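Welcome! Take a moment to look over the sequence and the 3D view, and then we can walk through some local details together.

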Amino acid sequence: MTVFEHELAAWGPDSAYFEGTDAPVSLAQAQDYCRGVALGHYENFPVVSWVLPRPLRRHFFNVYAFCRWADDLGDEIEGAERSLELLSWWRSQLEACYAGLPEAGQEQPTAGEKLHPVFVALTPTIVEFNLPQSAFDDLIQAFEQDQRVLEYETFEQLLGYCQRSANPVGRLVLHLCRSVTDENLAWSDSICTGLQLANFWQDIARDYEIGRIYLPAEDRQRFGYTAEQMQNHEFNAAFQQLMEFEVTRARQFLREGLPLVPQLPGRLQVDIDLFARGGLKILDHVEGLQFNVWKERPEVSKLEFFGLLLQSLARRWGLLKR
């Protein structure tokens, strides 16, 4: 039984929590649960959360826990139909959460459907920062799309996926930072799309093994990389040129979003700079492998991560150029 299967047994729609008569979890219990999800699943989150202003940490944990559960419902469930059923249940929890939002001055809804601990914790975060329901729903749609669409014909179609799978996270972060402007939203979307693309190019082999191809067919055809060569994980000049093209495009998205960093308040600049620079470092590693991601999955080491953190801090303090 995987870690997530244990989580689903304890807190899923068929769990004793939802089918029994147990009282809903308290806000404090729900917040502790989300903190555990965030710190237990993402190895860099303890460092990132240390940089975050203390009052914001639990809110970031709450949003992260929502994303983690939605992601796992999409990727850790055997069978697309079952995954879609569970994602539909997760959306129903989201809708119940927003339908029962408390009045000003209250922390929790007073009545309505029993909520998963993530939504119990998320409720006051939604109220305090006016988080849009559409951003959460877009993320669920992206994970549903993963069950139905296994290959993309064009880059525009892939960008449409990124607009649902990645960009909403940045938009939620801007709300938590109280920094929502049209210009900031555009920069945030650029960074998030770039990060998503970097993740795709990092995980080409891993994604292929689970039946997903994010390299657009039009790009593969442009460089003469055939479906048979893809199936055989063949590394050749065509693949190298294709990957160089995709890496360059992803770098452009990340770099075009960097003007967002100085627009953010205080130490939040460090977090966003760190994530963007981490994406750029992954792309550097892809290039360092001569673009042969079939042979090895490029990763940012812990030492490199802390180096990036120090550089982001130095940029924040004006000791290093942006």
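## Finding your way

Helices (H or I, at least four residues) and strands (E, at least two) are DSSP runs, numbered from the N terminus. This is a predicted model, in which local features need pLDDT of at least 70, side-chain atom pairs count only at pLDDT 80 or more, and totals for chains, interfaces and linings use all residues. Residues are numbered from 1 along each chain as its sequence is written, and side-chain values use heavy atoms, with hydrogens and water left out.

## Two positive phi angles

Let's begin in the loop between α7 (117-129) and α8 (133-148), where you will find Asn 130. Although Asn 130 is not a glycine, its phi is positive, at about 55°. Phe 291 is not a glycine either, and has a positive phi of about 70°. Look for Phe 291 in the loop between α16 (268-288) and α17 (302-316).

With a relative accessible area of 59%, Asn 130 is exposed. Phe 291, at 6%, is buried.

## Aromatic rings

A pair of aromatic rings is described by the distance of the centres and the angle of the planes. Here, rings of Phe, Tyr and Trp (its six-membered ring) pair if their centres lie within 6.5 Å; planes under 30 degrees apart count as stacked, over 60 as edge-to-face and the rest as tilted. The structure holds 26 aromatic pairs. One of them joins Phe 155 and Phe 253: this pair is tilted, with 6.4 Å centre to centre and 45° between the planes. It links distant parts of the chain, since Phe 155 belongs to helix α9 (residues 155-165) and Phe 253 to helix α15 (residues 237-257), 98 residues apart.

Phe 155 is buried, with a relative accessible area of 7%. The charged end of Arg 249 sits over the ring of Phe 155, 3.5 Å from its centre. (For this, NZ of Lys or CZ of Arg must be within 6 Å of the ring centre and within 35 degrees of the ring normal.)

## A buried serine

Finally, visit Ser 179, in the loop between α10 (167-176) and α11 (182-202). Ser 179 is buried, with a relative accessible area of 8%. A polar atom of its side chain lies 3.0 Å from the backbone oxygen of Cys 177.

Technical notes
Buried means under 20% relative accessible area, exposed over 50%, partly exposed in between (1.4 Å probe, protein chains only). A polar contact is a pair of N or O atoms within 3.5 Å; within protein, one must be able to donate a hydrogen and the other to accept it, and residues adjacent in sequence count only if both atoms are side-chain atoms.
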